[in-house]
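Please open the model in the viewer and keep the selection panel at hand.

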Amino acid sequence: MNFYRSVVAPILFRFDPEWIHHRAAESLEWAGKHSWALTALKSAYKCTPDKRLGQNLMGLDFSHPVGLAAGFDKDARMVQALLALGFSHVEVGTLTPEPQLGNEKPRLFRLPEDRALINRMGFNNRGVESAANQIPGRRSGVVGGNIGKNKTTANENAVQDYLKGIRALSPKVDYFALNVSSPNTPGLRALQDREPLSRLLDSVQELNHRLESKPILLKLAPDLTETALSEAAELVLQFGLNGVIASNTTIERTGLRTKLSEVEAMGAGGLSGAPLKRRSTEVVRSLRGMLGEQKVIVGVGGVFTATDVIEKLDAGADLVQVYTGFVYEGPGMIQKIVDELNHALSTGQWVWKSRFGSSKPTADLGFMQPNS
């Protein structure tokens, strides 16, 4: 029995989701400041990946494929504790040059029947300089910096916001993620169009090369057409980015189990979780075909189990990130996933191939139960 899912989550889910998130953030931030608390977390959620799960991607060492997506630790306050829970990497942000409150509350909603979330947070954060000061210099895993533009910055001036993010975070993070795909900042997704995206990538790469030349990934929306995905992939290749993150939240609402009236009452926002799994995997598969074997793809969307991880890897992802699954499965999620991946490797039920090879199951994966 998953104690968190069966006992703890039903209690927590009685409270406002954003309020609960802040209480969890405070606890994890506190734990990260005390060595004995970090040791306790590592002991309670001991995560010992099989060596065959390790990869060196973009010049960075990942102990296993599963990390935490941006949005959970917006201000880099929980990095140490989250790494202690077993994540191979943690992506902080989305961070903007100036602090901003985000959109009006309520702005975060649970859809338990769908194992999903809807959010319209709106890049609420304390600003990139504040986050940079929080990121620990010594750490046990990889830390990425997800950057975006302030809501008040017009799209024609957006490049400068991303450049400010690069300058502030370059000495502190291991890689960058450019967020041009959140549905919760008006006009942001227009930056995925060829002309504005070309200007952005050209300027960002020019500055990045003058600084410490950190790896850069582009985070894309799952709602793009195949043509738009292809154009984005062409620009990733043209400007020499290291790869893509696929994908952000979706504005689609089709096929949900939650009552339509309840969904409509929640209003606008990005949908994440189990309903996004199939589409995000399709985007990963398409992008692998477009980008070839020389670019990194991070698969995000609907990951709850080891089976979900393997599906993303099989579709062409090199790394996988979770967010909504972490909310529903709890702090033992990564330990459980890694243990099951270890078991699959040791029993020959799954073969982990090279960095760019598809991971093919060699037997039925029935020992890992799908989402329920």
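Which residues in helix 6 meet which residues in helix 7? Val159, Tyr162, Leu163, Ile166 and Arg167 in helix 6 meet Arg199, Leu200, Ser203, Val204 and Leu207 in helix 7, where contact means heavy atoms within 4.5 Å. The residues of this contact divide into 7 nonpolar, 1 polar and 2 charged (Ala, Val, Leu, Ile, Met, Phe, Trp, Tyr, Cys and Pro count as nonpolar; Asp, Glu, Lys and Arg as charged; the others, Gly among them, as polar).

This is a predicted model, in which local features need pLDDT of at least 70 and side-chain atom pairs count only at pLDDT 80 or more, while totals for chains, interfaces and linings use all residues. Residues are numbered from 1 along each chain as its sequence is written, and side-chain values use heavy atoms, with hydrogens and water left out.

Helices (H or I, at least four residues) and strands (E, at least two) are DSSP runs, numbered from the N terminus.

Turn now to the open sheet, in which 3 strands follow the order 5-6-11 with antiparallel pairing; strands pair if DSSP finds at least two bridges between them. Strand 5 (108-111) and strand 11 (270-273) stand at the edges, each with a single partner strand, so one side of each has no neighbour in the sheet. Finally, select strand 6 (residues 116-119), which 4 bridges join to strand 11. Ala116 stands opposite Gly273 in strand 11.
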